[in-house]
Amino acid sequence: MKKANEIEKALILLKPYAEKFTPKQDINYFDYYKDKDGVLISADYYGGENYCEDCVGKAKEELSKRENLPKDFAEFVPMVESSPEKEGFCYCEICGEIIEAGYLPNEQTIYYWLNQHDWELDLKKDHKHCYMLYIVLECYRYYNQDDSLYIDIKKYKKLADKVIKAFNL
Ligand SMILES: [Zn+2]
């Protein structure tokens, strides 16, 4: 475990700030509409986008304004994803906020953080970024080299170094 020390250190630094951020809670999507008799009809060609609990009403309104809705269309019915897991973070299509979901590690997210230029972040004030970094870094605990989701520990260490530096600014 010696190798992982700086990652644990970064996690300890991030945790109190990460806990101050509350992501949106529900991943809503529209895969169904109700017809005029109240029957649920699959319409997953409208789906694919995620909306948080605060924006789902607006999303429903917008979708209902579309042309070429089926003749028997009455209204769209939002569904909430249960136990969602996503590669990377899940964002609301309308407000852009993070919606809570099981996070599966992916290289692009780490790549983004390692290469994003704006490391002048004041992490103590930026609870959302602390939350994201915490979740990304925490993954190193759960996946080993035999796992398809494993990411080279060196990348986590590099990212942890950046976090520790940012806290010492
Ligand atoms: Zn939203």
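Here is a walk through the structure, one selection at a time.

**Before you click**

This is a predicted model, in which local features need pLDDT of at least 70, side-chain atom pairs count only at pLDDT 80 or more, and totals for chains, interfaces and linings use all residues. Residues are numbered from 1 along each chain as its sequence is written.

Colour by pLDDT (the predictor's confidence in each residue, from 0 to 100). The mean for the protein is 91, and 96% of its residues reach 70 or more. Among the elements, strand S6 (residues 98-99) has the highest mean, 97, while helix H3 (residues 107-115) has the lowest, 90. Helices here are DSSP runs of H or I with at least four residues, strands are E runs of at least two, and both are numbered from the N terminus.

**Stop 1: the sheet**

Select 28-35, 40-42 and 73-80. Strands count as paired if DSSP finds at least two bridges between them. The 3 strands make an open, antiparallel sheet in the order S2-S1-S3. S2 (40-42) and S3 (73-80) are the edge strands, each pairing on one side only. Neighbouring strands are turned by 45 degrees against each other on average, direction ignored. For angles like these, axes are lines fitted to C-alpha atoms (for helices, over the stretch in contact), and angles between N-to-C directions run from 0 to 180 degrees.

Now zoom in on S1 (residues 28-35), joined to S3 by 6 bridges. Show Asp35 and you'll find its bridge partner in S3, Phe73. Next, Lys34 stands opposite Glu75 in S3. S1 and S2 form a hairpin with 4 residues between them, and Gly38 in the turn has a positive phi of about 85 degrees.

**Stop 2: two loop residues**

Most residues other than glycine have a negative phi. Select Asn68, in the loop between H2 and S3. Asn68 has a positive phi of about 60 degrees although it is not a glycine. Is Asn68 buried or exposed? Exposed, because 5 other C-beta atoms lie within 10 Å. The cut-offs are 20 or more such neighbours for buried, 12 or fewer for exposed, and partly exposed in between, with C-beta atoms placed from the backbone.

Then jump to Ser83, in the loop between S3 and strand S4 (85-87). Phi of Ser83 is positive too, near 40 degrees. Ser83 has 6 C-beta neighbours inside 10 Å, so it counts as exposed.

**Stop 3: the cores**

A nonpolar core is a set of buried Ala, Val, Leu, Ile, Met, Phe, Trp, Tyr and Cys residues joined through C-beta atoms within 7 Å. The largest has 19 residues, and Ala10, Leu14, Leu133, Leu137, Ala160 and Val163 touch the most other members. Helix H1 (5-18), helix H4 (127-138) and helix H5 (153-168) each supply at least two residues of this core. Click Ala160: leaving aside neighbours within four places in sequence, Ala160 is in contact with Glu6, Ile7, Lys9, Ala10 and Leu137. Apart from this core lies another, of 13 residues, among them Cys52, Cys55, Phe76 and Cys92.

**Stop 4: along H4**

H4 has 12 residues and reaches 16 Å from its first C-alpha to its last, close to the 16 Å expected at 1.5 Å a residue (the expected span is 1.5 Å times one less than the number of residues). Buried residues in H4 are His129, Cys130, Tyr131, Met132, Leu133, Val136 and Leu137. What covers them includes H1, H3 and H5.

**Stop 5**

In helix H3, pick Ile110. Ile110 counts as buried because it has 20 other C-beta atoms within 10 Å. Which residues does Ile110 touch, not counting those up to four places away in sequence? Val136, Ile151, Lys155 and Leu159. From Ile110 to Ile135, 25 residues apart in sequence, it is 11 Å from C-alpha to C-alpha.

Finish at Lys124, in the loop between H3 and H4. Lys124 has 13 C-beta neighbours inside 10 Å, so it counts as partly exposed.

Methods: Two residues are in contact if their C-beta atoms, placed from the backbone, lie within 7 Å.
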